[in-house]
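Have the sequence and the 3D view open side by side. The paragraphs below go through the structure one part at a time.

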Amino acid sequence: MSQLNVNNMVGPIMRQGALAKAVFEAAEVDNPGKKILVEDKVAYVRIQTEDEMILRQETIEEMLGKPFRINQLEVDMASFAGRIETNADHVRFYYTKHL
Amino acid sequence: MATLERMDWYDIARTTNWTPKYVQEDELFPPELSGTMGIPLEKWESYDEPFKQSYPEYVKVQREKDAGAYSVKAALERSRIYETADPGWISVLKAHYGAIAREEYHASQSEARMARFGKAPGQRNMATLGMMDEIRHGQIQLFFPHEHVSKDRQFDWAHKAMDTNEWAAIAARHMFDDIFAARNATEIGLMLTFAFETGFTNMQFLGLAADAAEAGDWTFSSLISSIQTDESRHAQIGGPLIPILVANGKKAEAQKLVDIALWRSWKLFSVLTGPIMDYYTPLEDRKLSFKEFMHEWIVTQFERALIDVGLERPWYWDQLLDEIEWQHHGMHIGVWFWRPTVWWNPAAGASPEERAWLEEKYPGWNATFGTVWDVITENIVKGDMAHTYPETLPVVCNMCQLPVNATPGPAWRVRDMPHMHNGRLYHFCSEPCKWVFEQEPSRYEGHLSIVDRFLAGQIQPMDLGGALKYMGLAPGEIGDDAHNYAWAHAAHGERLKKAS
């Protein structure tokens, strides 16, 4: 149990809804070769992968099927695992150290 | 005319430090408000906020969030959640609003202090948005419960609790004052935003949102998870301070502030969030146990991030992991036992089915905490209600302001950590609470716990009636068992069945 902290999972925790679904689909496209895990807690959904996850504005926009600015991710992003870096057209979740 | 993308101008636009000519730097940024720690101004300018948002973007996004939360409320206004929900769930709402809503305004003032006195321009910018976030949280969490006030006076405590000397309000104020209301810009960044908001607020605003969704209370679920989207941005104010402090030889100071804030948060959550998740929320709606939520948010997520930003796990980490197993069960018994002194109706959560769930989630519960509920159950069934109420005062910790308690039964290990300071004997529930006091005795030494006040004769007459008056609890507001003791008769029937 005290080993729970030894993990490298990063990614957003989204409120349930259309954006959460689009973010999950975008995560699969934007992070080729990586296994994306989804944990559904009804009110919120953990979307995670190991070490690093990129989410691109245009991919989310495509999955959502309507105009989307990357800063609108915040509307439903209630938390996230790892650290975050916000950029003009993408968001990156990461850890600097791999445990 | 083409407009620049945010990232093309953001860094320049928020680089707002200058060299003061008419005043000294320490007059512009008084160290006691800025939390300078002797680090020169230019070193703070390396602060790089990871979550960048401009003001126009902020307004647009916040408008979208509010439109969502308020429209869910409007759409479900006729769902009669107040009339149809389990009384235990109604108690969750009352406890939450009273403990949280008004403290959001304190948080706003603390964000404002960072927005004015933070020496890092990026911190000031982020905190300006954080200040407005917290005003939103204060207003929305007073507005939502207000519709219930006409039906139930306990909902009035959403606004009233923090103006009273009710014991749980004293404990909450003592903790929130310590980790942000009475701290400087650097301390607020580390204690409020980093330790409390990237850690514990996830428990109350997302863990509880999951339970609320299960309970069918979509209004509350949507409200608190929407609040947490603001937190996920402004909670990032503290992180970038850490590399600056570490690079300038202040790692130990940063670590100490985080350790104090995390421990103090844990203690308050053990009395507030623990009981509502494991006892008040109807059994069929409990998504995870309090312990499981603590593991998810604090151990798996927060502690992992703590190590990544260059700090260490707190020195009391093993004790925290141990207390996650049991502390909130004892707190729950205390709250239920002293139930006239709270502004909600505690749900015992001790029916046969609930006890089976507790035993599964916390093996050994029946042989320890369960034995206390056995006695309470027998007294209720016998009609001996007097013995289901306390006759004495608890020993209250002079740091967390909560009753000193531990696991009952053969493994009884309740302990008091006495400490003499300037001729006064202080009592602490744990080594970490005593350690917090020792870090800065002058900060805490003058405070009197509710029991100290009683013994000093400040509460008159010295009986329950006097105590309720002192705490501001009027008839119609004082707490009683949420389910009118029906669970006790069910538990008694079950035992008779087993015995025959």
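This is a predicted model: local features need pLDDT of at least 70, side-chain atom pairs count only at pLDDT 80 or more; totals for chains, interfaces and linings use all residues.

Residues are numbered from 1 along each chain as its sequence is written, while chains are lettered from A and ligands numbered from 1 in the order in which they are written.

Chain B holds 23 helices and two strands (DSSP runs numbered from the N terminus: helices are H or I, at least four residues, and strands are E, at least two). Its radius of gyration, taken over C-alpha atoms, is 24 Å, close to the 23 Å from the globule rule for 500 residues, so chain B is as compact as a globular protein of that length. That rule is 2.2 Å times the number of residues to the power 0.38. Of the 500 residues in chain B, 50% are buried (20 or more other C-beta atoms, placed from the backbone, lie within 10 Å of the residue's own).

Helix H11 of chain B covers residues 185–214 and has a kink of about 55°, centred on B:Phe196; the bend is the angle between axes fitted to the seven residues ending there and the seven starting there. Because 29 of its 30 residues are buried, H11(B) is largely enclosed by the rest of the structure. After H11(B) comes B:Gly216, with a positive phi near 80°.

The contact between the chains takes 30 residues from chain A and 35 residues from chain B, where two residues are in contact if their C-beta atoms, placed from the backbone, lie within 7 Å. On the side of chain A that touches chain B, E5(A) gives the most, with five residues.

Note on methods:
A residue is buried if 20 or more other C-beta atoms lie within 10 Å of its own, exposed if 12 or fewer, and partly exposed in between; C-beta atoms are placed from the backbone.
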